[in-house]
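Have a look at the sequence and the model, then try each task before you read its solution.

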Amino acid sequence: MNYTSLESYVHKLLHSIQITTPDEININKIAHNLEIELNYWNNPSEALIVGNEKYIFLDKRASRKEQVFKFGHELSHVLMDCGQQYGMPELFREYQEWKADNFAYHLCVPTFMLENMDIPFNIYKATDLVCKNFNVTIEVAVKRLKQFETKKQEDYFQSIAKKNCTEKDRILNLWY
Ligand SMILES: [Zn+2]
């Protein structure tokens with residue numbers, strides 16, 4: 001499968017801290033290995049960088065599955081955003097939020113792990129399998145399964161397009 005830059009990033013990041021199977025996705029282990037201090041409080045989840053110190057605060061009141069997703073969201077802010085969001089143009093802030101959620105979906109259910117699974121054709125069974133294996137909510141499981149299916153179809157059509165590609169098409173592709 002051709003990975004997007006996000007899929008490659010998650011793959012490399014998790015491999016660099018020896019996480020290769022769903023049961024190894026552990027937010028304490030991830031935080032520890034990336035030298036991020038993980039705390040819990042009675043407020044909405046947040047990330048904080050002070051000098052070289054990185055912190056993630058998770059909402060105590062949320063369920064464990066929600067906390068794991070929020071951890072992914074906040075981790076994206078720690079790894080990819082520089083500086084605080086205060087005073088940032090609204091549109092850019094929204095973009096970072098969207099990007100952080102997208103990262104969280106991929107961290108919780110990485111593509112390279114889905115590839116190694118036998119996903120049932122039945123949508124209820126498939127959802128149940130992903131929920132149980134990755135310990136995620138139904139919403140996260142369905143979203144990732146849909147993305148994964150779309151991705152597989154795109155890959156398939158691309159491979160057919162490549163096969164039927166004439167020399168002239170190839171020249172055109174290289175030029176434009
Ligand atoms: Zn955020």
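**Exercise 1: the span of a helix**

Task: check whether the end-to-end distance of helix H7 (residues 138-163) agrees with its 26 residues at 1.5 Å a residue.

Solution: Start with the rule that the expected span is 1.5 Å times one less than the number of residues. For the 26 residues of H7 this comes to 38 Å, and the end C-alpha atoms are 38 Å apart, so the two agree. Helices here are DSSP runs of H or I with at least four residues, strands are runs of E with at least two, and both are numbered from the N terminus.

A word on the source: this is a predicted model, where local features need pLDDT of at least 70, side-chain atom pairs count only at pLDDT 80 or more, and totals for chains, interfaces and linings use all residues. Residues are numbered from 1 along each chain as its sequence is written.

**Exercise 2: buried or exposed?**

Task: find which residues of H7 are buried, and what covers them.

Solution: Count a residue as buried if 20 or more other C-beta atoms (placed from the backbone) lie within 10 Å of its own, exposed if 12 or fewer, and partly exposed in between. In H7, Val140, Ala141 and Arg144 are buried. Their cover includes helix H3 (64-80), helix H4 (90-108) and helix H6 (123-134).

Task: classify Gln96 of helix H4.

Solution: Gln96 has 16 C-beta neighbours inside 10 Å, so it counts as partly exposed.

**Exercise 3: the whole chain**

Task: state how many helices and strands the protein chain has.

Solution: There are eight helices and three strands, in the order α-α-β-β-β-α-α-α-α-α-α.

Note on methods. Contact = placed C-beta atoms within 7 Å.
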